[in-house]
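Subject: Handover of a structure and findings

Dear colleague,

Please find the structure below, followed by an account of what was found in it. I would be grateful if you could read the two side by side.

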Amino acid sequence: MMGQIQPALNIADLMAIPDDGNKYELIEGQIYASAAPSLTHQITLGNLMVGLGTYVTNNPIGIVVPGPGVIFDDFDSVIPDMVFFTNERRAEIASGDRLNGAPDLVVEIISPGAENERRDRVLKRRVYGRFGVKEYWLVDLVNRSVEVCRLGEEGLELAATFVGEDEMTSSVLPGFRMKLTDLFQL
């Protein structure tokens, strides 16, 4: 007996899910649910918001947004922890309540669990690369590190890993610097 092939789900299927307190994402036609993030996750996100918010205030080249819905196509819609897009890209991708297209920078804070880690490190990285996200940060709470992937010929490729006392930098945020000790200050 052969297994049945599941049809790919689409944005209409995603939008039909009743609000049950979880967040749902559509990745390559498959729906994934996530529970509310941990306190450590949210404190780290707040620290990053302060660092990036200060940068954008002093360098008004774009906008930083925590937790927006991003629609790439009919089979890929995600809710990254944070995104940055330039003022020039804003008119292209920001319409209504969601982004429709690739932000310049996407940040995911990896939640505990093998499935969550696989989703961020493999599935989302592949989608973000396919749709042209220029830079992708994977914030690892367990290892207190940040992996920076940059768009290359093969998609998003690991460009740098910041740990310990390092200062993060970014190719899409000229002059941005943030100490990891400030990011992971709990």
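This is a predicted model: local features need pLDDT of at least 70, side-chain atom pairs count only at pLDDT 80 or more; totals for chains, interfaces and linings use all residues.

Which side chain does a polar contact of 2.7 Å join to that of Glu108? The partner is Tyr128; a polar contact here is a pair of N or O atoms within 3.5 Å, where within protein one must be able to donate a hydrogen and the other to accept it, and residues adjacent in sequence count only if both atoms are side-chain atoms.

Residues are numbered from 1 along each chain as its sequence is written, and side-chain values use heavy atoms, with hydrogens and water left out.

Glu108 belongs to strand E9, residues 105-110; helices (H or I, at least four residues) and strands (E, at least two) are DSSP runs numbered from the N terminus. Glu108 counts as buried because its relative accessibility is 2%. The classes are buried under 20% relative accessible area, exposed over 50%, and partly exposed in between, with a 1.4 Å probe and protein chains only. A second polar contact, of 3.0 Å, runs from the side chain of Glu108 to the side chain of Lys124. Neighbours within four places in sequence aside, the residues in contact with Glu108 (heavy atoms within 4.5 Å) include Ile79, Pro80, Asp81, Asp120, Tyr136 and Trp137.

Salt bridges

The structure holds 14 salt bridges, each defined as a side-chain nitrogen of Lys or Arg within 4 Å of a carboxyl oxygen of Asp or Glu. Glu108 takes part in a network of them, together with Glu25, Asp120 and Lys124. Asp120 and Lys124 are separated by about one helical turn, because they are 4 residues apart in helix H4.

Glu28 forms a salt bridge with Arg126, with 2.7 Å between the closest N and O atoms. That pair links distant parts of the chain, 98 residues apart: Glu28 is in the loop between strand E1 (23-27) and strand E2 (30-34), and Arg126 is in helix H4 (residues 114-130). Glu28 also meets Arg130 in a salt bridge of 3.3 Å, N to O. Since Arg130 lies in helix H4 and Glu28 in the loop between E1 and E2, this pair ties together parts that are 102 residues apart in sequence. Glu28 is partly exposed at 29% relative accessibility, as are Arg126 at 41% and Arg130 at 46%.

Backbone angles

Glu28 has a phi near 55°, a positive value in a residue other than glycine. Arg144 likewise is not a glycine and has a positive phi of about 50°. Arg144 is placed in the loop between E10 and E11 and is partly exposed, with a relative accessible area of 39%.

Nonpolar cores

In soluble globular proteins, nonpolar side chains tend to be buried together. A nonpolar core is taken here as a set of buried Ala, Val, Leu, Ile, Met, Phe, Trp, Tyr and Cys residues joined through side-chain atoms within 4.5 Å. The largest one has 26 residues, of which Leu48, Trp137, Val146, Met168 and Leu173 touch the most other members. Elements that give two or more residues to this core include H2, E9, strand E10 (135-140) and strand E11 (145-152). H2 supplies the largest share of this core, 5 residues. Residues up to four places away in sequence aside, Leu173 touches Leu52, Tyr55, Ile61, Phe84, Leu105 and Trp137. Apart from this core lies another, of 20 residues, with Tyr32, Phe72, Ala102 and Tyr136 among them.

Leu105 is found in strand E9 and is buried, with a relative accessible area of 1%. Leu105 and Val83 are 22 residues apart in sequence, yet their C-alpha atoms are 5.5 Å apart in space.

Yours sincerely
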